[in-house]
Amino acid sequence: MKRVEMYYKKVVVTVCQAIGTDPIMLFSSNKEKNVDGRGIVFAILTDHNYSDGTIAMLTGMTRQAVNRIKNIYSDRIQRSYYLRSVLDSVREDLEQCE
């Protein structure tokens, strides 16, 4: 489980740097950039086959909330150039770290 938590923290820090916020605000604020950041974090973790339950445990959110955001943001990322570019940027940064 340690490896899962370390990767999760790396994803959160990378997303926070990309959107210009901090990890506490990412999960406690309802500003648009923070909600978008949560959606990007969930998209990346889902790409790495993290289950909704695992993501919920790591974030402190309910499994239903994680599932809702994950489902909404898969479409929203496809339609938004900004979100796609941030997601691609974060993926590149994560690949360089590995």
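Predicted model: local features only at pLDDT ≥ 70, side-chain atom pairs only at ≥ 80, totals over all residues.
**Exercise 1.** State how the contact of α5 with α6 divides by residue class, and find at what angle the two helices pack.

Solution. Step one is the class count: the contact of α5 with α6 has five nonpolar, one polar and three charged residues. Step two is the geometry. Two packed helices are described by the angle between their axes and the distance between the axes. For α5 and α6 the angle is about 100 degrees, and the axes lie 5 Å apart. Step three puts a word to the angle: α5 is roughly perpendicular to α6, because the range from 65 to 115 degrees counts as roughly perpendicular.

**Exercise 2.** List the elements of the protein in order, and check its radius of gyration against that of a compact globule.

Solution. The protein has six helices and zero strands. Read from the N terminus, the order is α-α-α-α-α-α. For 98 residues, a compact globule would have a radius of gyration near 13 Å; the protein has 12 Å, so the two agree. The C-alpha trace spans about 35 × 30 × 25 Å along the principal axes. As for burial, 39% of the 98 residues count as buried. Taking contacts between residues at least 6 apart in sequence, 52% join residues at least 24 apart.

**Exercise 3.** Do the same for helix α3, residues 32-47.

Solution. The 16 residues of α3 should span 22 Å at 1.5 Å a residue. The end C-alpha atoms of α3 are 23 Å apart, in agreement with that value. Buried in α3 are N34, D36, G37, R38, G39, I40, V41, F42, A43, I44 and L45. The buried residues of α3 pack against α1 (2-19), α2 (23-28), α4 (52-59), α5 (63-79) and α6 (81-97). N49 follows α3, and the phi of N49 is positive, near 65 degrees.

**Exercise 4.** Is L94 buried or exposed, and which residues does L94 contact beyond its neighbours within four places in sequence?

Solution. L94 sits in helix α6. Its relative accessible area is 3%, so L94 is buried, because the cut-off for buried is under 20%. With neighbours within four places in sequence left aside, L94 is in contact with Y7, K10, V11, T14 and I44. Among these, Y7, V11 and T14 are also buried residues of α1, and I44 is a buried residue of α3. Finally, L94 and V4 are 90 residues apart in sequence, with 14 Å between their C-alpha atoms.

**Exercise 5.** Classify N71 by its accessibility, and give its distance from G39.

Solution. N71 belongs to helix α5. Its relative accessibility is 44%, so N71 counts as partly exposed. N71 and G39 are 32 residues apart in sequence, while their C-alpha atoms are 9.1 Å apart in space. G39 itself is one of the buried residues in α3.

Note on methods
Residues numbered from 1 in each chain as written. Heavy atoms only, no water. Helix = DSSP H or I, 4+ residues; strand = E, 2+ residues; numbered from the N terminus. Expected span 1.5 Å × (residues − 1). Buried < 20%, exposed > 50% of the residue type's maximum accessible area, 1.4 Å probe, protein only. Contact = heavy atoms within 4.5 Å. Axes fitted to C-alpha atoms, helices over the stretch in contact; angles between N-to-C directions. Parallel < 35°, antiparallel > 145°, perpendicular 65-115°, else oblique. Nonpolar A, V, L, I, M, F, W, Y, C, P; charged D, E, K, R; others polar. Rg over C-alpha atoms; globule rule 2.2 N^0.38 Å.
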